[in-house]
Amino acid sequence: MKQFELDLPGQNNTCKVSTGQQICQSPEVWPQPQGRNRQAVICIDRAVFAAAPEIQMGLSSAGWQSELIVLDAGESLKDFQQIYPLYGQFLDLGLQRRSLVVAVGGGSLGDAIGFVAATYLRGLDWVNVPTTLLSQVDSCLGGKTGVNHAQGKNLIGAIYQPRAIVCDLDFLGGIPRREFHSGLGEMLKYGLIHDPHYWEHLVTNAEAILDGDPDVLAPAISRALEIKAHFVKADIQDLLGIRAALNYGHTFAHGLEAATGYAYYRHGEAVLQGMLLATLFSAAQGFLETQIAQEIVGILQAWVQPHLPASVRPEQVAESMRHDKKNDGDQIQLMLLQGIGQITSRAYPLSEVSAFLTSELHRLRPQN
């Protein structure tokens, strides 16, 4: 097991991050009860319910008495009408300010339960136990909790850090290869924006990651979280622009997701393709040497799947990008690459981005 602590400026706690196999049973990964209250509630995705006894065992060994709430996870859970009954269940269980909430599931469940923890009695400590590779390397860390609104995703929420993150690789056993592919997309991002050695390691060991090799996955997941922690610690509330580097490729990715109805791509798949486009755009704008850009694009293009449907037009993607929440005014804000491990930010008119997509979007379609 590998552990590190993320100090949280302005908050009264640190976040302990644990990565390894069969670690949910260990008392070392769980916070210790503070005061007399030892109540914990485990909000668990029905798909991973078999892991509940091990989690309860680990919590018990750390001094907690736990109850279970089983949920059907997925994006539909990130609806305020869906999570509202949880407040009543927490009240019925008698949860108090020193009680503990444990979220066990993928990114959507973590977002939703983290928001409930942030708002019940003005905030309970919570632990995030991500169960997909994408959530283990990305959404579990950073404290961005929330639910969706009819007018957009994640428009209701809070930045509320967990007390602990438990990344148990046992959850990854047997999940589809496509889920590993989605997680790999976000992992590659961390290498591109911050760590050339990590990028090279991922490129060399990509097949082992896609095959779910725990000996490769464990250190790779831990390093991804260390890199994300570097940016989160420097910009806890996401107001200084430092965490914006974590959005490399995401504006293009969100455009692809929106243009395909949010049901075609897994998020990490869209991010991988968005990074390909962002790398090409970085070179086109003179920020990145052409040779380096070609090397990166060649690597990313080998993992493009699923391919962009022929029915999706460049102007659709560009128009979707215009609504990205990171934009300021009428221009599209993009993170650009200056070299592996070097990132910058610039804004461009919609017309320029649309012209670029008209020229380059073919790279995401099947190659003859």
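Is Tyr120 buried or exposed? Select Tyr120 to find out. Tyr120 counts as buried, because its relative accessibility is 4%, and the cut-off for buried is under 20%. Keep in mind throughout that this is a predicted model.

**Stop 1: the partner of Tyr120**

Now colour by secondary structure. Phe90 sits in helix 2, whereas Tyr120 is in the loop between helix 3 (107-119) and strand 6 (125-130). The pair therefore ties together parts that are 30 residues apart in sequence.

**Stop 2: along helix 2**

Next, select Phe80 and Tyr84. Both belong to helix 2 (residues 80-93). They are 4 residues apart, about one turn of the helix. Check the surface here. Phe80 is partly exposed, as its relative accessible area is 31%. Tyr84 is exposed, at 51%, since exposed means over 50%.

**Stop 3**

**Stop 4: Thr344**

Move to strand 11 (residues 342-348), and pick Thr344 in this strand. Thr344 counts as buried, because its relative accessibility is 13%. The Thr344 side chain makes a polar contact with the Arg346 side chain, at 2.9 Å. Then look for contacts beyond four places in sequence. Thr344 touches Phe287, Leu334, Met335, Leu336 and Gln338.

**Stop 5: a nonpolar patch**

Finish on the surface. Which residues form a nonpolar patch with Ile242? Select Leu239 and Leu240 along with Ile242. Together the three have about 330 Å² of accessible area. Zoom in on Ile242. This residue is in the loop between helix 7 (214-234) and helix 8 (250-259). Ile242 counts as partly exposed, because its relative accessibility is 34%.

Methods. Residues numbered from 1 in each chain as written. Predicted model: local features only at pLDDT ≥ 70, side-chain atom pairs only at ≥ 80, totals over all residues. Heavy atoms only, no water. Patch = residues over 30% accessible without salt bridge, like charges linked within 9 Å, V, L, I, M, F, W, Y side chains within 5 Å. Areas by Shrake-Rupley, 256 points an atom, 1.4 Å probe, with all protein chains shown as cover. Salt bridge = Lys/Arg side-chain N within 4 Å of Asp/Glu carboxyl O. Helix = DSSP H or I, 4+ residues; strand = E, 2+ residues; numbered from the N terminus. Buried < 20%, exposed > 50% of the residue type's maximum accessible area, 1.4 Å probe, protein only. Polar contact = N/O pair within 3.5 Å; in protein donor to acceptor, adjacent residues only side chain to side chain. Contact = heavy atoms within 4.5 Å.
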